[in-house]
Amino acid sequence: QVQLVESGGGLVQPGGSLRLSCAASGSIFSRYALGWYRQAPGKQRDLVASITSSGSTYYADSVKGRFTIVRDNAKNTVFLQMNSLKPGDTAVYYCKRGTTAFSLNPGYWGQGTQVTVSS
């Protein structure tokens, strides 16, 4: 059974940084694509960043140059480093593990962690 546990969310001022972590259990971690999504109140859940099993990355235009996704296969963990945070980044952030090397769909979700950017 696959379990994903996010951590690292919190309250941060505009311009600040946070690092989210997602620890995974279950099948061989290195084989699968991983991603971070976010969902703001009243909005749909959107993909923020993803990384394939080989390390290729994708970023939404809204976070390019500010967010970095990194995977540590030895620790079964994926990170999202978020810099230069803006109030518009406020959302619940969800980790997702795909069932193939390149795709996140279908996949497994974590429970989410709240990120609030406010002064």
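Leaving aside its neighbours within four places in sequence, which residues is Asp 89 in contact with? The tour comes back to that after a look at the whole chain. The model on screen is predicted.

**Whole chain**

The protein has 0 helices and 11 strands, and read along the sequence the pattern is β-β-β-β-β-β-β-β-β-β-β. Its C-alpha trace spans about 40 × 25 × 25 Å along the principal axes. A compact globule with 119 residues would have a radius of gyration near 14 Å, and the 13 Å of this protein agrees with that.

Now colour by accessibility. Buried residues make up 42% of the 119 residues. The protein exposes about 6,000 Å², of which carbon and sulfur atoms supply 49%. Among contacts with a separation of 6 or more, 57% are between residues 24 or more positions apart.

**The nonpolar core**

Next, select Trp 36, Phe 67, Ile 69, Val 78, Leu 80, Met 82 and Tyr 93. The largest nonpolar core has 27 residues, and these seven names are the members that touch the most other members. Two or more residues of this core come from each of strand S3 (18–25), strand S4 (34–39), strand S5 (46–51), S7, S8, S9 and S11. S3 gives the most, with 4 residues. In soluble globular proteins, nonpolar side chains tend to be buried together.

Keep Met 82 selected and show what surrounds it. Apart from neighbours within four places in sequence, Met 82 is in contact with Gly 16, Ser 17, Leu 18, Leu 20, Arg 66, Phe 67, Tyr 93 and Val 115. Phe 67 and Tyr 93 were also in the previous selection.

Select residues 113–117, which form strand S11. What are its covered and uncovered faces? Thr 113, Val 115 and Val 117 make up the covered face, while Gln 114 and Thr 116 make up the uncovered one. In a regular strand the side chains alternate between the two faces of the sheet.

S2 and S11 run parallel and are joined by 3 bridges. To find one of the pairs, pick Leu 11, whose bridge partner in S11 is Thr 116.

**Asp 89**

To answer the opening question, its contacts beyond four places in sequence are Arg 38, Arg 66, Phe 67, Ser 84, Val 115 and Val 117. Val 115 and Val 117 belong to the covered face of S11. Is Asp 89 buried or exposed? Asp 89 has a relative accessible area of 2%, so it counts as buried. Show side chains for Asp 89 and Arg 38: a polar contact of 2.9 Å joins them.

Ser 84, one of those contacts, is found in the loop between S8 and S9. Ser 84 has a positive phi of about 50 degrees although it is not a glycine. With a relative accessible area of 41%, Ser 84 is partly exposed.

The last stop is Lys 96, which lies in strand S9. Its relative accessibility is 5%, so Lys 96 counts as buried. Beyond four places in sequence, the contacts of Lys 96 include Leu 4, Ala 33, Leu 34, Gly 35, Tyr 37 and Tyr 108.

Two polar partners can be shown with the side chain of Lys 96. The side chains of Lys 96 and Asn 105 are joined by a polar contact of 2.6 Å. A polar atom of the Lys 96 side chain also lies 3.2 Å from the backbone oxygen of Leu 104.

Trp 109 is another contact of Lys 96. These two residues are 13 apart along the chain, and their C-alpha atoms are separated by 4.6 Å.

Finish at Asn 105 and Pro 106. A cis peptide bond joins them, with omega about -5 degrees. Pro 106 is found in the loop between S9 and strand S10 (107–109).

Key: Residues numbered from 1 in each chain as written. Predicted model: local features only at pLDDT ≥ 70, side-chain atom pairs only at ≥ 80, totals over all residues. Heavy atoms only, no water. Buried < 20%, exposed > 50% of the residue type's maximum accessible area, 1.4 Å probe, protein only. Polar contact = N/O pair within 3.5 Å; in protein donor to acceptor, adjacent residues only side chain to side chain. Contact = heavy atoms within 4.5 Å. Pairing = 2+ DSSP bridges. Rg over C-alpha atoms; globule rule 2.2 N^0.38 Å. Areas by Shrake-Rupley, 256 points an atom, 1.4 Å probe, with all protein chains shown as cover. Core = buried A, V, L, I, M, F, W, Y, C linked by side-chain atoms within 4.5 Å.
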